[in-house]
Amino acid sequence: MSTTGATADPLAALGELPGVAESVESVRKAVDRVYGHRIMRRRSNAITSEAALRGARGSAALSGADWALEEVRRRSDFSVDDEARAVGAALRLTAEAGQLLSIWRQSPLRVLARLHLVAAADKDGRVGRPRQEGEPVEEPLVELPLPGAREAHGRLEGLAGLVMAGGAAPALVTAAVVHGELLALRPFTSHNGLVARAAERIVLVGSGLDPKSVCAAEVGHAELGRAAYLAALDGYASGTPEGMAAWIAHCGRAVELGARESTAVCEALQRGAA
């Protein structure tokens, strides 16, 4: 995403693209429905915990580890192979995201570095910092052209500036741009998809749209499918108004599906309590 132009608030300008206002309103209604459920008033912590688990499963699925929910729930060893490590990284990121909400608006780059450190969970010198020129990137499922390290650093700084500046953009728009830009840049040598989706969650929660973190967009992204996810990402990377609007709408639909999933969990808990 270009962070330059005539407008002082490019994120707010994206909110004015055709169809985006409708996506924002649809998301707000979906979020309001789950928050209005009477189970949320009594057992919101249980819904939050379940949404975290399901969100981690969804994020891992988009990174190539498409495990059944019950398999994620019962496993305790996430070190045996690449798929298990991806699921373990997604679970760690989901847990860590809630601890970083207060830091995000003041220092998004610090938060992103921390997320990468948590995801990678090793002491490699490339972990927890943006990649340097010549360092390879392990993100096989994202086939967009890879920006050079200098460009990635510059755009990452620009994204951080937009986050710190705040502005009038709806939470959905900011979350979608953070998510899309991180995937387009792939600023780290690994785990960029997992980090991007965790950052999207931080924006949605920290903005107040989903303060209890029960509308896991990762659930929706996984449900919509990897092919649709990557096609929408291509639209974001194109930088065209139509492509940007389509990506924001895709992210909005993912949040709606996450809200629907938590509503179903509320209904199941209500039936169990009856």
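The largest cavity has a volume of about 50 Å³. The model on display is a predicted one, and a search of the whole structure finds 2 cavities of 30 Å³ or more.

**First selection: the largest cavity.** Select Gly55, Ala56, Ser59, Ala90, Leu93, Thr94, Leu194, Arg197, Ala198 and Glu218, which line the largest cavity. Helices α3, α5 and α10 each supply at least two residues of this lining. By class, the lining of the largest cavity comprises 5 nonpolar, 3 polar and 2 charged residues.

To display its lining, select Arg201, Leu204, Val205, Asp210, Ser213, Cys215, Ala216, Ala217 and Glu218. The elements that give two or more residues to this lining are α10 and α11; α10 gives the most, with 3 residues. The lining of the second largest cavity divides into 5 nonpolar, 1 polar and 3 charged residues.

On the α10 side the contact is made by Arg197, Glu200, Arg201 and Leu204, and on the α11 side by Ala217, Glu218 and His221. This contact of α10 with α11 has 2 nonpolar, 1 polar and 4 charged residues.

The largest pocket holds about 700 Å³ of space. It is lined by 34 residues, and those closest to its centre are Asp82, Ala86, Glu138, Ser190 and His191. Which elements give two or more residues to the lining of the largest pocket? They are α5 (82-97), α7 (108-120), α10 and α12 (226-238). Helix α5 gives the most, with 6 residues. By class, the lining of the largest pocket has 16 nonpolar, 7 polar and 11 charged residues.

The structure has 3 aromatic pairs. Select Trp67 and Phe78, which form a stacked aromatic pair, 6.4 Å centre to centre and with 25° between the planes. Trp67 lies in the loop between α3 (38-62) and α4 (69-74), and Phe78 in the loop between α4 and α5, so the pair ties together parts that are 11 residues apart in sequence.

Key: Residues are numbered from 1 along each chain as its sequence is written. This is a predicted model: local features need pLDDT of at least 70, side-chain atom pairs count only at pLDDT 80 or more; totals for chains, interfaces and linings use all residues. Side-chain values use heavy atoms; hydrogens and water are left out. Contact means heavy atoms within 4.5 Å. Helices (H or I, at least four residues) and strands (E, at least two) are DSSP runs, numbered from the N terminus. Ala, Val, Leu, Ile, Met, Phe, Trp, Tyr, Cys and Pro count as nonpolar, Asp, Glu, Lys and Arg as charged, and the others, Gly among them, as polar. On a 1 Å grid over the protein atoms alone, a cavity is a set of points where a 1.4 Å probe fits but cannot get out, and a pocket is an open set with protein on both sides within 12 Å along at least five of seven lines; lining residues have an atom within 4 Å of a point. Grid points are joined across faces, edges and corners, and a volume is the space filled by probe spheres set on the points. Rings of Phe, Tyr and Trp (its six-membered ring) pair if their centres lie within 6.5 Å; planes under 30 degrees apart count as stacked, over 60 as edge-to-face and the rest as tilted.
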